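Here's a quick briefing for anyone opening this structure for the first time. Have a look at it, then read on.

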Amino acid sequence: RGKKTVERVTQLMNKPENIRNIGIVAHIDHGKTTMSDNLLAGAGIISEDLAGKACWMDSDEEEQARGITIDASNVSMVHEYEGKEYLINMIDTPGHVDFGGDVTRAMRAVDGAVVLVDAVEGTMPQTETVLRQALKERVKPVLFINKVDRLINELQVDEMEMQIRLGKVIDKVNKLIKGMNEEMYNNGWKLDAAQGTVAFGSALYNWAISVPYMKKSGISFKNVYDHCKAGEMKELAKKSPLCDVILDMVVTFLPNPLEAQKRRVGVIWHGDINSPEGKGMYNCDPNAPSCMMVTDISFDPHAGEVATGRLFGGKLKRGDEVYVMQSAKKVNRLQQVGIFMGPTRVEVPELFAGNIAAVTGLKDAVVGSTVSSLMDMTPFESLEHYSEPVVTVAVEAKNMKDLPKLVEVLRQVAKEDPTLRVNINEETGEHLIAGMGELHLEIVTGRIKRDKNVEIVTSEPIVVYRETIVNKLDSAVEGKSPNRHNRFYFMLEPMPDHVVELIKNHEISMNQEQLERRDAMVKAGFEKDEAKNVKDIYGTNMLLDMTKGIQYLNETMELIIEGIHEALDGGPLADEPVQNLLMKLVDVKLHEDAIHRGPAQVIPAVRSAIKAGLLLGNDSLLEPMQKLHITVPQDYMGGATAQIQSRRGQVFDMTSEGDTITVVGKAPVAELFGFAGDVRSATEGRAMWNQEFAGFELVPAGMVKDVVIEIRKRKGLKEEMPKASDYLA
Ligand code: GDP
């Protein structure tokens, strides 16, 4: 059966109208793993006996031990609908909040998403987050309401009540879609059970139902209800199999790559749509230049690094020479070109636009890379991360002899998981890994120990802060070069919030054509001569060149930008990254002789000007916040709110449903270590809770000094508050 599937898959790969690239997205525990397993079993990829038991997609031991899905892995299957065969490429996505980054990259690779919601629990915060990620990438949603058997058999709701409850879930998801993207909502993305974009059922017992399937099979809502009530699950799974209902819905309502790419290319790529590569991607044309976005990198003990990604244009085959944008641009030669079928990679002679490719030989690629047969093309928009790394641990090798191996392993880990920031320090041997939460880091360090076989010692987790300017400077700050012959004058001010948002959404970016960026800047309120002189955007910081006619400035600009990056990577207060800073270069004096305005002069001059300027503008610390949702029985509400309030937190919403209440609030990450255990004991284990990154906020003024001194102490910096004059020698 396996062999046959491979043949059918390779045939279908060349027919984009018969391909669906999809992901299943859900809040944790709503049943995504169970559904994935049963779909695979139904498609003959794994045996039905194993489905539901063997956690097929959770192939990582760590995941099995914790019962959560961590890595997005891929699988292709074939589904027959109305006499035609379809190739369904499914990417698994993690359901845990700490791994939001993985969901984002999976969404880049697919065109449609099955949003899975637990019928008993309804939509949860993560449902909202993953849906937002999907819509942002213009990935079309359909809905599956799971665990309906529990409504009937545990909660004993009658038929009427059941319809009402299901209707409520649909309304809620529709409200979310409408709020996130009204245009798509009005253009056919509104979910509608009568039309067939909603199905419901039981992933566990392997049955599902939808209006089109009722018509097709003759089974009625009442039949389903009665069978379920009588516990006749096997019967139901035979009459209305999960796999058929879901995949029919996928094939009918989720777009094929030809249709989807027309909608998506303009959103995920900002190059010239009339260029050969632009047209090629728009039309999903296999004869255009090849363009692939790498969305995952894994390590295969035999083949080495395997890069997985979506091929938006052209084709790939073994031996092809391609380029990785934003790298050294040396030729990378493709070794194997294939697709994933479960854990096995199947090599294919050629792979065409619209498919999800798994290739080896891309030695310069990282997750997020744009790969092309063209030496130069506008890269894809970078992957959005709704969470940022906000917690760091220091890792050291237990044994000196493992030091080089650890460095190697850390590089691999950084490549595999782009939401991690890995800072390797070969001098001290103390390397830093920043991740999205305590649990995320526990999993990563666990993997280093186990899979990579390196014994390490890890520090307590540390919170990552940011620095930012609070006040606009009254006059320009001056930076002098060590030889005193070069001077740089900057005006600094806080970046307005709405511009920060535009930068985060890539609506203002260095990847844009200059004209497009200028227009976006003017619309955001900048003067025209500011808008056309953007020299650099770094994080949410921006450099404008407001000088006129200064000789040698152009050739010095790269060094100026380097100096700025150094200052922004570690601000003056606590050597933490700087954000939301608007810098205007207003005057420059340069030595005539190139030898006297080299890197050793320019970089330190610019760096100290920016650092001094930040301090003059009342540089302050920002701390990461987490939004918390805690659901508890009414009686435990006091315990739950106290857990938020006692952590410098704030409760801003409480809603009750039945005998439970959901408390919504937020608190600083710094106060949340050990939260899981404390909530558990405060509520005698009755709480269900989750957290979500909620951005950075200013550390309360009265605490800044203490926090700064503590960070400085930890980093081995002078244990006193820095002054602007320290940088203005
Ligand atoms: P994931 O975290 O979304 O991958 O969720 P899982 O697939 O691991 O499911 C979480 C729990 O819900 C498991 O104990 C499943 O057995 C259970 N479950 C999943 N689907 C159903 C269903 O349709 N009905 C019932 N009663 N339980 C289900």
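How are α20 and α21 oriented to each other? They are oblique to each other, because angles under 35 degrees count as roughly parallel, over 145 as roughly antiparallel, 65 to 115 as roughly perpendicular and the rest as oblique. Keep in mind that this is a predicted model, where local features need pLDDT of at least 70 and side-chain atom pairs count only at pLDDT 80 or more, while totals for chains, interfaces and linings use all residues. Residues are numbered from 1 along each chain as its sequence is written.

**The protein overall**

- The protein has 24 helices and 32 strands; helices (H or I, at least four residues) and strands (E, at least two) are DSSP runs, numbered from the N terminus.
- Of its 729 residues, 47% count as buried. A residue is buried if 20 or more other C-beta atoms lie within 10 Å of its own, exposed if 12 or fewer, and partly exposed in between, with C-beta atoms placed from the backbone.
- Take the contacts between residues at least 6 apart in sequence: 72% of them join residues at least 24 apart. Two residues are in contact if their C-beta atoms, placed from the backbone, lie within 7 Å.

**Around the ligand**

- The ligand is surrounded by 17 residues, and the closest are Gly-31, Lys-32, Thr-33, Thr-34 and Leu-204. To be near a molecule, a residue needs its C-beta atom, placed from the backbone, within 6 Å of it.
- Helices α2 (32–42) and α6 (148–153) each give at least two residues to this shell, and α2 has the largest share, with three residues.
- Sorted by class, the shell holds four nonpolar, eight polar and five charged residues. Here Ala, Val, Leu, Ile, Met, Phe, Trp, Tyr, Cys and Pro count as nonpolar, Asp, Glu, Lys and Arg as charged, and the others, Gly among them, as polar.

**Helices α20 and α21**

- Back to the opening pair: α20 (residues 553–569) and α21 (residues 599–616) pack at an angle of about 45°, with their axes 8 Å apart. Axes are lines fitted to C-alpha atoms, for helices over the stretch in contact, and angles run from 0 to 180 degrees between N-to-C directions.
- The crossing of α20 past α21 is right-handed. A crossing is left-handed if the near helix is turned anticlockwise from the far one by less than a right angle, and right-handed if clockwise.
- On the α20 side, the residues that meet α21 include Leu-559, Ile-560 and Ile-564, while those on the α21 side include Val-602, Val-606 and Ile-610. This contact has 10 nonpolar, two polar and four charged residues.

- Helix α22 (residues 637–645) packs against α23 (residues 675–682) at about 155°, with the axes 9 Å apart. That angle makes α22 roughly antiparallel to α23.
- Gly-639, Ala-640, Ala-642 and Gln-643 of α22 meet Asp-678, Val-679 and Ala-682 of α23. By class, that contact has four nonpolar, two polar and one charged.
- Helix α5 (residues 125–136) and helix α7 (residues 159–180) pack at about 45°, their axes 10 Å apart, and are therefore oblique to each other.
- Glu-128, Leu-131, Arg-132 and Leu-135 of α5 make this contact with Leu-176, Ile-177 and Met-180 of α7. It has five nonpolar, no polar and two charged residues.

**Two strand residues**

- Met-292 sits in strand β8 (residues 291–300) and is buried, with 30 other C-beta atoms within 10 Å. Met-292 and Ala-109 are 183 residues apart in sequence, yet their C-alpha atoms are 9.7 Å apart.
- Thr-392 belongs to strand β18 (residues 391–397) and is partly exposed, with 17 other C-beta atoms within 10 Å. Between Thr-392 and Met-436, 44 residues apart along the chain, the C-alpha separation is 8.7 Å.

**Two loop residues with positive phi**

- Arg-484 isn't a glycine, but has a positive phi of about 70°. You'll find Arg-484 in the loop between β24 (477–480) and β25 (487–494), and it counts as exposed, with 10 C-beta neighbours inside 10 Å.
- Tyr-552 has a positive phi of about 70° although it is no glycine. Tyr-552 lies in the loop between β27 (541–545) and α20 and counts as partly exposed, with 15 C-beta neighbours inside 10 Å.
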